[in-house]
Amino acid sequence: MATRLEKDTLGTVEVPAEAYYGAQTARAAANFHISGLRPHPALVWGTLVIKKCAAKANMATGRLDEKIGAAIVQAAEESLAGKFAGHFVVDPFQAGAGTSHNMNVNEVLANRANELLGGALGAYDRVHPNDHVNMAQSTNDVFPTAMRLSALHMLFLLHQELETLCDALHAKGTEFDRILKSGRTHLQDAVPIRLGQEFEAYAAAMEKNLAGLERCRPNLCELGLGGTAVGTGLNAEARYIDLVIEEIGRETSLPVYRAANMVETTQNMDPFVTLSSALKGLAINLVRIANDLRLLSSGPRTGFNEINLPALQPGSSIMPGKVNPVMAEVTDMVAFQVIGADTTVTLAAQAGQLELNVMMPVIAFNILFSMEIIRNSVKQFTESCIKGITANETRCNSNLEASVGLATVLAPYVGYAAAAEVAKESMQSGQSIKEIIIARKILSPEKLAEILDPYPLTNPGVPGERQ
């Protein structure tokens, strides 16, 4: 591979001849063979937005030459359009604080801006990555700001998929509203419930998780850009700080605002701890719902078999005809990963020292990776599982008929002890609660039918009595 020689503060470095990155990126690429991954596209996007807006703000203050600034802006716009996506190469697991990532973006934009002004790659005689692209900035204010912008971007995408999931669960709640079935607590027979009520409860849980994620948004919009190295704003004019925040707001349409205390935003990773915790809460509920669906669809002959999940692929290499609940299974696996990532974010956030948390790269990786996979998982879960669920009403009815939980209906009429005797007899004889009630003439068939009407039986009140 053809190379060019570049010089940095440590000496000369070989850089691929056609690369738009430079010496510091080449060193990072050589030093950090860790995951084999590239930076998350949302983090690259957030960093490019900052560089574009910083160039505009620095031109507005008169500090950055208009010709150089315009070239940086154009280079950023081309990069935002994806033109140089292959040149952002630093592993997410890298030097502390994200310096390598920041310099990767600085070098790509400097080289492209030089090229636009007639210069050669690697020359930096017209546009320098530190002096011009990184003007009035430090990695220590750029990287946490890029983290915030990228998290807000991913939050928007996740929000859309969660709304679609909530709608799909509500639709199933309506579709299954008249289907009465046995409720279960401790995995034992309990009082009746409507299948639609179970799905409406799932929708309500997802809506609460969605609201929890939305509550993370205001703190993510608080930007410490302009704080530079330790949050004091050294080498960044006060006017620049206001201008660059305004520019980011215009560029992204996000309600960003200047941090009240930029030292605090440089030190503190609380917004990401809160976001990670909200993602964990979402993951936990997704596991719970997915596991319920696996259980309710179990069988088909030897399990609950009260609902049918869409058949997506053969389930066994040895057992013909077997079909597994694959979308519920993959939802679980993704959720486990997100829950584990929250532990990493927690540990990294508390590892900050004095004026800087140098563990930001691993926080960014875990937050963005979690949001990416849980968003994709929710989309697939909705489209390939939830929307295609059907109810096995016959099985719901037969399970309800056999349930000893129906004895609870008797309690207001005969008392707890007598109702318990009926349940005990049902367990010993194999007769259903209904059969025993009618045989003992505890209630007439007509009264029993009135009591077992789905809505009075599954809403507050005493079944069979006027409310």
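**Helices that meet, rings that pair**

Reader: Which residues in α6 do the residues of α2 meet?

Author: On the α2 side, the contact (heavy atoms within 4.5 Å) involves A42, L43, W45, G46, T47, V49, I50 and K51. Keep in mind that this is a predicted model, where local features need pLDDT of at least 70 and side-chain atom pairs count only at pLDDT 80 or more, while totals for chains, interfaces and linings use all residues. Residues are numbered from 1 along each chain as its sequence is written, and side-chain values use heavy atoms, leaving out hydrogens and water. Over in α6, the partners are V142, F143, T145, A146, M147, L149, S150, H153 and M154.

Reader: What angle do α2 and α6 pack at, and what is that called?

Author: Helices here are DSSP runs of H or I, at least four residues; α2 covers residues 41–61 and α6 residues 139–175. Their axes are 8 Å apart, at about 120 degrees. Angles under 35 degrees count as roughly parallel, over 145 as roughly antiparallel, 65 to 115 as roughly perpendicular and the rest as oblique. That makes α2, relative to α6, oblique.

Reader: How far apart in sequence are the parts that F93 and F365 tie together?

Author: Their rings pair (centres within 6.5 Å) and count as tilted, being neither stacked (under 30 degrees) nor edge-to-face (over 60): 5.1 Å centre to centre, with 55 degrees between the planes. F93 sits in the loop between α3 and α4, and F365 in helix α13, so the linked parts are apart by 272 residues.

Terms used. Axes are lines fitted to C-alpha atoms, for helices over the stretch in contact, and angles run from 0 to 180 degrees between N-to-C directions. Helices (H or I, at least four residues) and strands (E, at least two) are DSSP runs, numbered from the N terminus. Rings of Phe, Tyr and Trp (its six-membered ring) pair if their centres lie within 6.5 Å; planes under 30 degrees apart count as stacked, over 60 as edge-to-face and the rest as tilted.
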